[in-house]
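Please read this briefing alongside the sequence and the three-dimensional view. Its topics are the overall fold, the confidence of the prediction, and a few local features.

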Amino acid sequence: MCLIARAHVSSASKALDELDWEQTASLTGDMATVKKSIQKLNNRLNGMEAKDPYTVLESLRSQANVQPITQHTQIKQRGG
């Protein structure tokens, strides 16, 4: 068991020695930049697909045949 554990530790140590930390940090920064660019593009595309809210309201009104609501107030007078 100890020999197997030691073999795993030594292979991990060799892999970390060959790793260039500056290059890893640079790649991480590049990934973040690409992610932000993709998010901005998606937001722009979603904005292009959005409709004018007034047009949507008019279409809903025509579909439901809704008449404008008028409020009638009735005043009841009671003698006193």
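The briefing below begins with the basis of the model and then turns to grouped points.

This is a predicted model, in which local features need pLDDT of at least 70 and side-chain atom pairs count only at pLDDT 80 or more, whereas totals for chains, interfaces and linings use all residues. Residues are numbered from 1 along each chain as its sequence is written, and side-chain values use heavy atoms, with hydrogens and water left out.

**Fold and confidence**

- The protein comes to 3 helices and 0 strands, where helices (H or I, at least four residues) and strands (E, at least two) are DSSP runs numbered from the N terminus.
- Helix α1 (residues 2-18) has 17 residues and reaches 25 Å from its first C-alpha to its last, close to the expected 24 Å, a span defined as 1.5 Å times one less than the number of residues.
- The average pLDDT (the predictor's confidence in each residue, from 0 to 100) is 81 for the protein, and 81% of the residues score at least 70.
- Confidence is highest in helix α2 (residues 21-49), at a mean of 89, and lowest in α3, at 79.

- Of the 80 residues, 0% count as buried, with buried meaning under 20% relative accessible area, exposed over 50%, and partly exposed in between (1.4 Å probe, protein chains only).
- Helix α1 is hardly covered, as the count of buried residues among its 17 residues is 0.
- The protein exposes about 8,500 Å², and carbon and sulfur atoms supply 58% of that area, computed by the Shrake-Rupley method with a 1.4 Å probe, where for residues only the protein chains shown count as cover.

**Local features in helix α3**

- The structure holds 1 salt bridge, that is, a side-chain nitrogen of Lys or Arg within 4 Å of a carboxyl oxygen of Asp or Glu.
- This salt bridge joins the side chains of E58 and R61 (3.2 Å, N to O), which both lie in helix α3, 3 residues apart, about one turn of the helix.
- E58 counts as partly exposed because its relative accessibility is 46%, and R61 counts as partly exposed because its value is 45%.
- L57 has its place in helix α3 (residues 53-64) and counts as partly exposed because its relative accessibility is 47%.
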